[in-house]
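Open the model in your viewer and keep the selection tool at hand. We will go stop by stop.

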Amino acid sequence: MTRVKRGYIARRRRTKIRLFASTFIGAHSRLTRTATQQKMRALVSSHRDRRRQKRDFRRLWITRINAAIRENGVFYSYSRLIHNLYKKQLLLNRKILAQIAISNKNCLYMISNKIIK
């Protein structure tokens with residue numbers, strides 16, 4: 001029987017996996033099977049954590065707004081602020097409110113006072 005030279009497709013697939021896993025440590029970057037497993041695991045983690053990041057930032061913004069509002073007075077809370085914002089139909093999202101709370105607290109106090117009245 002004559003010798004059959006395999007094509008380049010399998011080599012190209014393994015090279016792509018190795019390039020993806022080149023920054024991994026130990027056998028995870030050198031051995032094809034473990035590199036493939038680690039690639040799948042990394043992609044799952046990145047997909048999961050993109051969603052988790054949105055949750056974490058929302059929690060951070062809410063905490064910052066709540067802390068800034070409660071400095072003004074104990075009788076006023078985050079939930080009341082958001083409720084009154086919706087009632088007055090002011091379209092300020094939590095990210096913008098958190099930035100205002102950090103950079104310019106007086107502006108946040110003015111917004112909350114206008115909403116109450």
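Is Arg13 buried, partly exposed or exposed? Select Arg13: it is partly exposed, with a relative accessible area of 48%. Here, buried means under 20% relative accessible area, exposed means over 50%, and partly exposed lies in between (1.4 Å probe, protein chains only).

A word on what you see. This is a predicted model, where local features need pLDDT of at least 70 and side-chain atom pairs count only at pLDDT 80 or more, while totals for chains, interfaces and linings use all residues. Residues are numbered from 1 along each chain as its sequence is written, and side-chain values use heavy atoms, with hydrogens and water left out.

Stay on Arg13. It sits in helix 1, residues 9-20. Helices are DSSP runs (H or I, at least four residues), numbered from the N terminus.

Next, select helix 5, residues 94-103. Its buried residues are Arg94, Leu97, Ala98, Ile100 and Ala101. Look down the helix axis: these residues fall within an arc of 160°, so they line one face of helix 5. The arc is taken from the directions from the helix axis to the C-beta atoms. Turn to the face away from the buried side; exposed Ile102 and Ser103 are there.

What covers the buried residues of helix 5? The cover includes helix 3 (32-72), helix 4 (78-87) and helix 6 (105-116). Contact means heavy atoms within 4.5 Å.

Last stop: Asn84, in helix 4. Asn84 is buried, with a relative accessible area of 13%. Show its neighbours: Asn84 touches Tyr76 and Ile115, not counting residues up to four places away in sequence.

How values were computed. Helices (H or I, at least four residues) and strands (E, at least two) are DSSP runs, numbered from the N terminus.
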